[in-house]
Amino acid sequence: MLNAERFITNNKPTNGEIRNFNEDFYVEEVPLELPSGTGQNVWILIEKTGRTTLDVVLDIAKILHINRKRMGFAGMKDKSAVTRQWICISNITLDEIPDLESILRNVKILDIKQNERKLRIGQLKGNKFRIKIDNTNDPNEDKETAEDVLNQLKKTGVPNFYGYQRFGEKRSNTHKVGKCLIENDVKKAVDQYIGNPYPTETEQIIKARSLYDEGKLEESYNAMSGGMRYEKIMLRILIQQQKKHDELEEKDYIKAIEALPKPLKRMFVNAYESYLFNKVINERIVLGIDKYLPGDIIIDKEEHWVHDVDENTINDDINSFKLNPTAPLYGTKVPLAEGMEGEIEAKVLKEENIKKEDFECPKTPKLGSHGIRRSVRFKVTDTNVKQTSNGIIVEFMIPKGCYATAVLREIMKKNI
């Protein structure tokens, strides 16, 4: 996890490895409601492996020859995992949908039903996880350690760090693209996304990115692998614009960014917000995530801001998870805390040499952000630990928008 250096528990580490195989990391989305069986929209329960949610959604839209905007889902699920979730197609009948399982790669269709309502981002209760940790120090002792850590986390809550999935698991740079947009350098943002090869990438991908950095756009495009879907979308726009007027202009780079699917292009600034949020949480752990500090901004379980705090009962309400202290996902309108928490929040802005107003993103205003307050911790429930021959299997449920790796790092005592 980026900017996550501290732990809230002090048990000895189990160490170990995760994601040796996709099957070792299982995620099941828990929906707010199930489809009724009637209505003008179709909900499809999928199980995917080795693919992002957005990739599957785009493939289905292409198969059906419909606009991707008619597709909906509640949350983005891990690529390097086996995941189950509902997706939605609006204004369609069951008869219009072909045998998708025979067409889609690495996707099973588990159920398909009609429903009156569409499915939108955030419409879920949370996610259930079953994760195998291989090659731990001592599987027998590590089972007990994991159980103890989880019991502690049930009381304190889990530090609400954003995981590597937010920034790119194999190439953590979405936050860097976001910072470029905050700084109004759109060309640099595009260059950061398409070019800038990482040594951990495959030889083919490194070659394609390097060609882009050398200004050889068409050669770069032709060298790109099938997995570089979004780089191709942007590069196609740049090639078209270059043919029109030789030298690329700023508006061409803006057009390239705007060509991306909405969930992805909005992810850039959101990822930078998350990067800064992790910085704040890392400092807040020192002060305590399960207690009230004067000047804290508090939210309830529905994430509503609590304006009138009773300091006589606030810590009892925090202990019962009725209320939670918050940290900022920075933006133009997000309020900052006062007191010691406020000092941390101001310090992070100063270290990054940015202001709240910068999140307006004048050159790409649709990608800017007003910001929001987010809980500094989350609740973990339904925990269970099993021992294997070379490690442990950990099961738990966490709320929507929270990261399983924030739980695992407390057990393994390393960033993953």
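Predicted model: local features only at pLDDT ≥ 70, side-chain atom pairs only at ≥ 80, totals over all residues.
Residues are numbered from 1 along each chain as its sequence is written, and side-chain values use heavy atoms, with hydrogens and water left out.

**Thr9**
- Thr9 counts as buried at 5% relative accessibility (buried is under 20% relative accessible area, exposed over 50%, partly exposed in between; 1.4 Å probe, protein chains only).
- The Thr9 side chain makes polar contacts with the side chains of Glu410, at 2.6 Å, and Lys413, at 2.8 Å (N or O atoms within 3.5 Å; within protein, one must be able to donate a hydrogen and the other to accept it, and residues adjacent in sequence count only if both atoms are side-chain atoms).

**Helix H9**
- H9 covers residues 262-287 (helices are DSSP runs of H or I, at least four residues, numbered from the N terminus).
- Of its 26 residues, 20 are buried, so H9 is mostly covered.
- Just after H9 comes Gly288, with a positive phi of about 110°.

**Rings**
- Phe25, Phe129 and Phe396 form a cluster linked by ring pairs (ring centres of Phe, Tyr or Trp, the last by its six-membered ring, within 6.5 Å; planes under 30 degrees apart are stacked, over 60 edge-to-face, the rest tilted).
- Arg19 puts its charged end over the Phe25 ring, 3.8 Å from the centre (NZ of Lys or CZ of Arg within 6 Å of the ring centre and within 35 degrees of the ring normal).

Methods
Helix = DSSP H or I, 4+ residues; strand = E, 2+ residues; numbered from the N terminus. Expected span 1.5 Å × (residues − 1).
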